[in-house]
Amino acid sequence: MRAARSSPAAAARVARSSPPEVLPAQARLRRRPEFTAVVRSGRRAGRPTMVLHYLPVRPPASAAGGPDVSGDGPAAASGPRAGFVVGRAVGNSVVRHRVTRRLRAAVREELSRLPATADLVVRARPEAGTADSAVLRRDLAAGLDRLLRERTRS
């Protein structure tokens, strides 16, 4: 059996209907050492659907996993960054990807609250698999309120 070929017009329709990039690439944590630095050195706030790990000032690039390829140094970062950890306990692949998309959208709305040198890791709890976007947004906002309030006190 032969597979049907897609027309260029159909591909263009799909490209136009696809959602825009939810979180810019420069605003994402990608490498394991970056995640590790935030989780080990940052402050933590637990919520029913997630745990937030917050590091107000990111470590130098050499400590976070390799040379600084931008040439600007770690303090000249373009803004706050976020990373997501959604493990198998949250659900199957479909559920995990849905939760990740919802968390990315929620973090994008809240990222402007963080200082330019901050890193944030959002670890989803199993309860996130059944939570809707409004609950995830509420928990994220409450967790950030707590972390940022602690920051101003110290």
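Modeller: What follows is a set of questions and answers about this structure, which is a predicted model.

Biologist: How many helices and strands are there, and in which pattern do they follow one another along the sequence?

Modeller: The chain holds four helices and four strands, and read along the sequence they come in the pattern α-α-β-β-β-α-β-α. Of the 154 residues in the chain, 34% are buried. Among the contacts with a separation of 6 or more, 76% are between residues 24 or more positions apart. The accessible surface of the chain is about 9400 Å², and carbon and sulfur atoms account for 52% of that surface.

Biologist: Which residues have the most contacts inside the largest nonpolar core, and which elements supply it?

Modeller: The largest nonpolar core has 28 residues, and those with the most contacts inside it are L52, V99, L103, L114, L120, V122 and L140. At least two residues of this core come from each of β2 (50–55), β3 (81–85), α3 (93–110), β4 (119–124) and α4 (133–153). Another core, of five residues, lies apart from it and includes L29, F35, L55 and V121. As for L114, its contacts beyond the neighbours within four places in sequence are Y54, P80, L120, L144 and L148.

Biologist: How do you know that the length of α3 agrees with what a helix of 18 residues should span?

Modeller: The expected span is 1.5 Å times one less than the number of residues. For the 18 residues of α3 this should give 26 Å, and the end C-alpha atoms are 26 Å apart, so the two values agree.

Biologist: What makes the buried residues of α3 lie on the same side of the helix?

Modeller: The buried residues in α3 are V95, V99, T100, L103, A106, V107 and E110. They cover an arc of only 135 degrees around the axis, and therefore they sit on the same side of α3.

Biologist: What caps the N-terminal end of α3?

Modeller: The cap is N92, which has a side-chain oxygen 3.1 Å from the backbone nitrogen of V94.

Biologist: Why is E110 called buried, while R96 is called partly exposed?

Modeller: Buried means under 20% relative accessible area, and partly exposed lies between that value and 50%. E110, which is found in helix α3, has a relative accessible area of 16%, so E110 counts as buried. R96 also lies in helix α3, but its relative accessible area is 22%, so R96 counts as partly exposed. Leaving aside neighbours within four places in sequence, E110 is in contact with L140, A141 and L144, whereas R96 is in contact with V86, G87, R88, V90 and G91.

Biologist: What makes you say that the buried residues of α2 line one face of the helix?

Modeller: In helix α2, which runs over residues 32–41, the buried residues are E34, F35, A37 and V38. Seen down the axis of α2, they fall within an arc of 160 degrees, so they line one face of the helix. The face turned away from that buried side carries the exposed residues R32 and R40, and what covers the buried residues of α2 includes β2, β3 and β4.

Biologist: Why is D119 called buried, and which side chain does its own side chain meet in a polar contact?

Modeller: D119 lies in strand β4, and its relative accessible area is 1%, which is under the 20% cut-off, so D119 is buried. Its side chain makes a polar contact with the side chain of R81, at 2.9 Å. Not counting residues up to four places away in sequence, D119 touches L29, V38, H53, Y54, L55, R58 and R81.

Terms used: Residues are numbered from 1 along each chain as its sequence is written. This is a predicted model: local features need pLDDT of at least 70, side-chain atom pairs count only at pLDDT 80 or more; totals for chains, interfaces and linings use all residues. Side-chain values use heavy atoms; hydrogens and water are left out. Buried means under 20% relative accessible area, exposed over 50%, partly exposed in between (1.4 Å probe, protein chains only). Contact means heavy atoms within 4.5 Å. Accessible areas come from the Shrake-Rupley method with a 1.4 Å probe; for residues, only the protein chains shown count as cover. A nonpolar core is a set of buried Ala, Val, Leu, Ile, Met, Phe, Trp, Tyr and Cys residues joined through side-chain atoms within 4.5 Å. The arc is that of the directions from the helix axis to the C-beta atoms. A polar contact is a pair of N or O atoms within 3.5 Å; within protein, one must be able to donate a hydrogen and the other to accept it, and residues adjacent in sequence count only if both atoms are side-chain atoms.
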